[in-house]
Amino acid sequence: MSARTLFRNARLLDPASGLDRLGDLMVEDGKIAALGPALARDGLGSDIAIVDCGGACLAPGLVDIRVQLGEPGAEHKETMTTGGLAAAAGGVTTMVALPNTEPVIDELALVEFVARRARDIALANVRTYAAATKGLKGRELTEMGLLAAAGAVAFTDGTAAIADTLVMRRALSYASTFDLLVVQHPEEPSLAMGGAMNEGEIATRLGLPAISPAAEIIMLERDLRLVEITGARYHAAHVSTAAAIDAIRRAKARGLRVSCDTAPHYFALNETAVGEYRTFAKVSPPLRSEPDRRAVVEGLADGTIDAIASDHTPQDQESKRLPFASAEYGIVGLETLLPLALELYHNGHLGLLEVLRKLTARPAELLRLPAGRIEAGAPADLVLFDLDRPWRIDVDGFHSKCKNAPYEGRPVQGRLIRTVLAGRSVFIAKG
Amino acid sequence: MSAGSETGFPHRHLLGIEGLSPDEITYLLDRAERYVEQNRQADKKQSLLRGRTLINLFFETSTRTRTSFELAGKRLGADVINMSVQWSSIKKGETLIDTAVTLNAMHPDVLIVRHPESGAVQLLAEKVDCAVINAGDGSHEHPTQALLDALTIRRRKGRLQGLVVAICGDILHSRVARSNIALLNTMGARLRVVAPPTLLPAAIERLGVEVFHDMGMGLKGVDIVMMLRLQTERMHGSFVPSIREYFHFFGLDRAKLAAAKDDALIMHPGPMNRGVEIDTELADDIDRSVIRQQVEMGVAVRMACLEALGQPQRNAT
């Protein structure tokens, strides 16, 4: 007997097709069987579960292309289980893990390890990047072809830039053999080394070692030259400055195969969040100035920025309760991705489908993942949420093992009701 | 106990100059002024802080600041304990927070803390029940240095308001510069900084200073020349090409000083690198250099700070 669930009376939202209308959605055997206005309700039989959505939004489960899950090597900060629970609680049904683990994901066995662990836990689809260079050392290329065949979705040195120009040229050039995507942390390391926050008046007042915002555009412009030479596919992760966004805008106009994402903290916060040495606001790249934050919003609105990824980076108290310069970088983001992204809609910067596209169809398309759409035959990975419901972020209530988020008490709008993974509810909100 | 100590400085800690009002600064300077006179008497000992415990917690080596606080505490009758800790070894095991919690259990009345990282003293202050005095945190603040500099200037010039002060040298890494900029701006002086751009932090002009890259222009008509110490590890190739080149363009000698007012005073927070940022003869010129007075004022200012913070049962913020 097949397992069937009918989601009735939902606002069906599919950014890929532009669908936005009230209707029903039938799930069968983990896939979307049908959708449309008022699916025939006679003769459905008794083996069917019915979820009345009460007009709430039903959209593709979120596709988060930049997360750290602690495995292998940092299980004290996050595990596939806690990271999976956080994803489910955040409406994320597909996530892509960075390779900067211990050991580094630069071998076939490690790609398989991540896939196996995620399958066993079954709280979200978990895919992984593989390192672009062995040990993330920026010197020798990894076995990109074989790693891709084993399931690595793209290649990146994670939180480190591929800094050496010749190595980057070869990484792009070699990746183009198999039309693989190279993902860069666009930051010139010599300008960022030892830096703790964005260069400017605040860093100067606090006496903190600063990172010039130019570190981003300098690396990015070099990379764009190399993309031009190699014809490779290139993705700039978490862009944060007006200059970089503008360079990508122009590169796209020139027809280069370039894409980029940003993280919610680059449009929801600016450098003033550091306040008096608030280490939860220490991220890499650093939170930028208000003009840069506005440029991120603009880049999202005009389509220059393709995707929003949480950049989920769990850090325990020992890593954050330190003097600012010694503290680790990162914010946990899986559980705040949706409400922070919805601020763009509620503030009138982007349409609802546009916001959702950057969280679903577009990142899936960039990494060629079978996710991020609502259509017959697609996996039934869904998120059901109340678009308007106001609430306050409660960091202590996070499912993630770490609570390093500078959002405690932040009022947001848009509350998750249910997360569905292959037809199975992996999260149902209380109350 | 005077009424002034109840109300003149309504703060629990002294973490920085930024945020202090002109009245609060004036209050501390006035109190310090009284201690200058007392310290010149044969019997210097007071009993104001008898039975109180001060802990000098230094995560960075320092002789003069630590000694100055120790002397200030002892002259007020307090018990003073010195603790020196290498931050690098702390990092491996015990964290800063653990250290704070451990010390807190000893019920000190005042913790005097120096730390190589900006913001570390504030972090520690959040975890202890006693008053905390910042004796220098990273490149952030060194409030008692700015207070003693202000006292030195006020005694020699009779005022702070309207004076033109040039701070010269490694502004980028200097907590002394930041505290002095905050204090002197609050008190109505006019500030200049003079340094090569490699030793200036971004947007420094936003802190209310005029920026110069030339000593001749930067010192023109100034009342006060404050020289900063150039850290040795920053002299060779990374921020400036060489000691020789640095001294040639930015070291203070008689020729460069000639641009300043005839009665301009020379200050230095110490310890000096003679022949690097300051000509050795000039440093010892008792007509121009007030470097030795700065040391004397240091003890008086720290006594005033301890008096303001070291007494319990106050409604402090």
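Predicted model: local features only at pLDDT ≥ 70, side-chain atom pairs only at ≥ 80, totals over all residues.
Residues are numbered from 1 along each chain as its sequence is written, chains are lettered from A and ligands numbered from 1 in the order in which they are written, and side-chain values use heavy atoms, with hydrogens and water left out.

**The second largest pocket**

- This pocket holds about 700 Å³ of space. A pocket is found on a 1 Å grid over the protein atoms alone, as an open set of points where a 1.4 Å probe fits, with protein on both sides within 12 Å along at least five of seven lines. Grid points are joined across faces, edges and corners, and the volume is the space filled by probe spheres set on the points.
- Its lining has 40 residues, and A:Gln68, A:Asn100, A:Thr159, A:Thr313 and A:Tyr329 are the ones nearest the centre. In chain A, β6 (62-67), α5 (189-192) and α9 (264-268) each give two or more residues to this lining. A lining residue has an atom within 4 Å of a point.

**Chain A as a whole**

- You'll find 14 helices and 19 strands in chain A. These are DSSP runs numbered from the N terminus: H or I with at least four residues for helices, E with at least two for strands.
- A compact globule of 431 residues would have a radius of gyration near 22 Å, and chain A agrees with its 21 Å. That radius is taken over C-alpha atoms, and the globule rule is 2.2 Å times the number of residues to the power 0.38.
- Along the principal axes, the C-alpha atoms of chain A fill a box of roughly 65 × 45 × 45 Å.
- Of the 431 residues in chain A, 60% are buried. Buried means under 20% relative accessible area, exposed over 50%, and partly exposed in between (1.4 Å probe, protein chains only).

**Two residues to look up**

- B:Gln294 sits in helix α13 (residues 291-309) of chain B. B:Gln294 counts as buried because its relative accessible area is 3%. Its side chain makes a polar contact of 2.7 Å with that of B:Asp149. Such a contact is a pair of N or O atoms within 3.5 Å; within protein, one must be able to donate a hydrogen and the other to accept it, and residues adjacent in sequence count only if both atoms are side-chain atoms.
- A:Ala89 is part of helix α1 of chain A, and its relative accessibility of 12% makes it buried. Leaving aside neighbours within four places in sequence, A:Ala89 is in contact (heavy atoms within 4.5 Å) with A:Glu335, A:His399, A:Leu416 and A:Phe427.

- A:Glu71 and A:Pro72 are joined by a cis peptide bond, with omega about -5°. A:Pro72 is in the loop between β6 and α1 (80-90) of chain A.
- Another cis peptide bond links B:Gly270 and B:Pro271, with omega about -15°.
- A:Asn9 isn't a glycine, yet its phi is positive, near 60°. A:Asn9 belongs to strand β1 (residues 4-14) of chain A.
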